[in-house]
Amino acid sequence: MALTKLTSASMPTGSVIQTEKTVITTPFTIALGTDTDTTVTGMTVNITPSFSNSIILLTGQIMGEHTYPYNLMFTFFRDSTKLGQPSAGSRNVGIAPFPRTYEDTDTNSTPNFVNFQHHDTPNTTSQVTYKITGNTNQSSSTTLFVNRCAGDGNDSNAMERGMSFIMAQEIKV
């Protein structure tokens with residue numbers, strides 16, 4: 001039986017050519033300024049497309065809580081280009097809002113998470129950097145507690161910890 005070497009050029013349309021990911025398990029906090037896309041620390045991934053017409057499927061997950069329970073949006077950036085919903089007046093735009101669970105006033109336990117996807121066609125075979133940003137339009141800054149609850153004591157099983165990630169997958173067109 002002959003052995004066939006499969007290359008990305010011979011792969012069928014829709015095949016995943018490569019996957020790059022960054023996983024963050026360390027708990028930390030970050031200040032999100034008003035009306036500013038702030039990169040979530042560590043939530044970046046680099047990918048070098050094999051073909052200029054490839055689709056890059058992006059998947060992101062942020063686990064945690066934040067101090068102000070409204071209007072926190074997440075999105076992806078390709079280098080310095082914001083992806084997703086275009087600007088629309090004074091609206092806070094992005095790809096996905098951070099959901100709320102349990103009680104709006106309970107930021108000491110019962111964390112939330114957002115999992116979102118987007119597809120991009122960067123039209124290049126050069127390295128591209130993708131990142132996840134958070135943006136709030138509240139009048140004061142918001143603290144984002146990543147991979148942890150706002151309350152983070154070891155004295156309660158209700159103060160969960162988790163993980164966050166960003167993944168880029170090149171899809172052949």
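1. A word on burial to start: buried means under 20% relative accessible area, exposed means over 50%, and partly exposed is in between, with a 1.4 Å probe and protein chains only. By that scale Lys-82 is partly exposed, because its relative accessibility is 29%. Asp-37, also at 29% relative accessibility, counts as partly exposed.

2. Some ground rules, dear colleague. This is a predicted model, in which local features need pLDDT of at least 70 and side-chain atom pairs count only at pLDDT 80 or more, while totals for chains, interfaces and linings use all residues. Residues are numbered from 1 along each chain as its sequence is written, and side-chain values use heavy atoms, with hydrogens and water left out.

3. The overall picture: the chain has zero helices and 11 strands. Here helices (H or I, at least four residues) and strands (E, at least two) are DSSP runs, numbered from the N terminus. Of the 173 residues in the chain, 43% are buried.

4. Now to the salt bridges, of which the whole structure holds two. The term stands for a side-chain nitrogen of Lys or Arg within 4 Å of a carboxyl oxygen of Asp or Glu. Asp-37 and Lys-82 form one of them, at 3.2 Å from N to O. Asp-37 lies in the loop between strand 2 (28-32) and strand 3, and Lys-82 in strand 6 (residues 81-82), so this pair ties together parts 45 residues apart in sequence.

5. Arg-78 and Asp-120 also form a salt bridge, with their closest N and O atoms 2.6 Å apart. This pair links strand 5, which holds Arg-78, to strand 8, which holds Asp-120, across 42 residues. Asp-120 counts as buried at 6% relative accessibility, and Arg-78 counts as buried at 19%.

6. The aromatic side chains deserve a look too: three aromatic pairs turn up in the whole structure. Rings of Phe, Tyr and Trp (its six-membered ring) pair if their centres lie within 6.5 Å; planes under 30 degrees apart count as stacked, over 60 as edge-to-face and the rest as tilted. Phe-74 and Phe-98 are edge-to-face, because their ring centres are 5.5 Å apart and their planes stand at 70°. Phe-74 sits in strand 5 (residues 72-78) and Phe-98 in the loop between strand 7 (96-97) and strand 8 (112-120), 24 residues apart.

7. Phe-74 also pairs with Phe-116, this time stacked, at 6.4 Å centre to centre and 25° between the planes. Since Phe-74 is in strand 5 and Phe-116 in strand 8, this pair joins parts 42 residues apart in sequence. Phe-74 is buried, with a relative accessible area of 0%, and Phe-116 counts as buried at 4% relative accessibility. Ring pairs link Phe-74, Phe-76, Phe-98 and Phe-116 into a cluster.

8. Ser-15, in the segment before strand 1 (16-24), is buried at 13% relative accessible area. Beyond residues up to four places away in sequence, Ser-15 touches Glu-170, Ile-171 and Lys-172. Ser-52 lies in the loop between strand 3 (38-47) and strand 4 (55-66) and is partly exposed at 41% relative accessibility.

How values were computed:
Contact means heavy atoms within 4.5 Å.
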